[in-house]
Amino acid sequence: MLEGELSEERVIVWKKEDFSELEESGYGKVLDDRLELTLVEAMFLFNKEKLNVFVKEKKKKKLTKEELYDYCTKIEKNFHARLIVYSDLRDRGFLVKTGLKFGCDFRVYERGVKLKKGPKAEFEHTKWVVHAIPEEFTCSFPELSRAVRLAQNIRTEMIWAIVDSESCVTYYGIKRLSL
């Protein structure tokens, strides 16, 4: 079982042998002597019983599933929908990374892709940018248009992942057509 330490908006994996395994599978971001997992990645791995999460107080305390989930929902807006979508995509075999710099929740890569720096083959680029939203979410047409244009600018497709009250996901692809 891998171990991570909760640190504000991240879970840190300190053991090199542990974080090498996670990095190989497309989880987290390596920074010098550690691997940093997002809260969604950590909760997903926790749910799969691959990661224990601890907090350092006076001594190391192992968090329960409920404690970690409650913490995550307090820290991250829309955490439940994001976790459901992330889990669904990962369970389907896709490589899923944060999409923050692209103005979305996730970047999704085709099955089997390994992230690498430098020149990439076409299949190694982001396949979709995904917004994870609850079914009661509303937005304006200009907001929708901006999201689609952003996806088009990076040569990918915009996906809206709608999470219903039963935690089921429906995916909608939206494209801009020029006639």
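1. Terms and basis. Buried means under 20% relative accessible area, exposed means over 50%, and partly exposed lies in between (1.4 Å probe, protein chains only). Helices (H or I, at least four residues) and strands (E, at least two) are DSSP runs, numbered from the N terminus. This is a predicted model, in which local features need pLDDT of at least 70, side-chain atom pairs count only at pLDDT 80 or more, and totals for chains, interfaces and linings use all residues. Residues are numbered from 1 along each chain as its sequence is written, and side-chain values use heavy atoms, with hydrogens and water left out.

2. Overall make-up. The protein chain has 5 helices and 11 strands. Its radius of gyration is 17 Å, close to the 16 Å that the globule rule gives for 179 residues, so the chain is as compact as a globular protein of that length. The radius is taken over C-alpha atoms, and the rule is 2.2 Å times the number of residues to the power 0.38. Along the principal axes, the C-alpha atoms fill a box of roughly 65 × 40 × 25 Å.

3. Of the 179 residues, 41% count as buried. A contact means heavy atoms within 4.5 Å. Among contacts in the protein chain with a separation of 6 or more, 50% come from residues 24 or more positions apart. The chain exposes about 11,200 Å², and carbon and sulfur atoms supply 51% of that area. Accessible areas come from the Shrake-Rupley method with a 1.4 Å probe; for residues, only the protein chains shown count as cover.

4. Charges. There are 33 positive and 31 negative charges in the protein chain, and their mean positions are 4 Å apart. Lys and Arg count as positive and Asp and Glu as negative, while His and the chain ends are not counted. The place of a charge is NZ of Lys, CZ of Arg, CG of Asp or CD of Glu.

5. Helix α2 spans residues 39-47 and is mostly covered, with 8 of its 9 residues buried. The buried residues are Leu39, Val40, Glu41, Ala42, Met43, Phe44, Leu45 and Phe46. Glu49 sits in the loop between α2 and β5 (51-56). Its relative accessible area is 63%, so Glu49 is exposed. Phi of Glu49 is positive, near 60°, in a residue other than glycine.

6. Most residues other than glycine have a negative phi. Asn78, which is not a glycine, has a positive phi of about 65°. Asn78 lies in the loop between α3 (65-75) and α4 (79-91). With a relative accessible area of 27%, Asn78 is partly exposed.

7. Glu36 in strand β4. Glu36 belongs to strand β4 (residues 34-38). Its relative accessibility is 16%, so Glu36 counts as buried. The side chain of Glu36 makes a polar contact with the side chain of Arg34 at 3.0 Å. A polar contact is a pair of N or O atoms within 3.5 Å; within protein, one must be able to donate a hydrogen and the other to accept it, and residues adjacent in sequence count only if both atoms are side-chain atoms. Not counting residues up to four places away in sequence, Glu36 touches Arg10, Val11, Ile12, Gly28, Lys29, Leu31 and Glu41.

8. Glu9. Glu9 is placed in the loop between β1 (2-7) and β2 (10-13). At 52% relative accessibility, Glu9 counts as exposed. Leaving aside neighbours within four places in sequence, Glu9 is in contact with Leu37, Leu39 and Ile75.

9. Arg107 in strand β8. Arg107 is in strand β8. Arg107 is buried, with a relative accessible area of 14%. The side chain of Arg107 makes a polar contact with the side chain of Tyr109 at 2.8 Å. Leaving aside neighbours within four places in sequence, the contacts of Arg107 are Leu95, Val96, Lys97, Thr98, Gly99, Phe102, Thr126 and Trp128.

10. Gly103 and Ile84. Gly103 is found in the loop between β7 (95-98) and β8 (106-109). Leaving aside neighbours within four places in sequence, Gly103 is in contact with His131 and Leu150. Ile84 is found in helix α4. Not counting residues up to four places away in sequence, Ile84 touches Val163, Ser167 and Val169.
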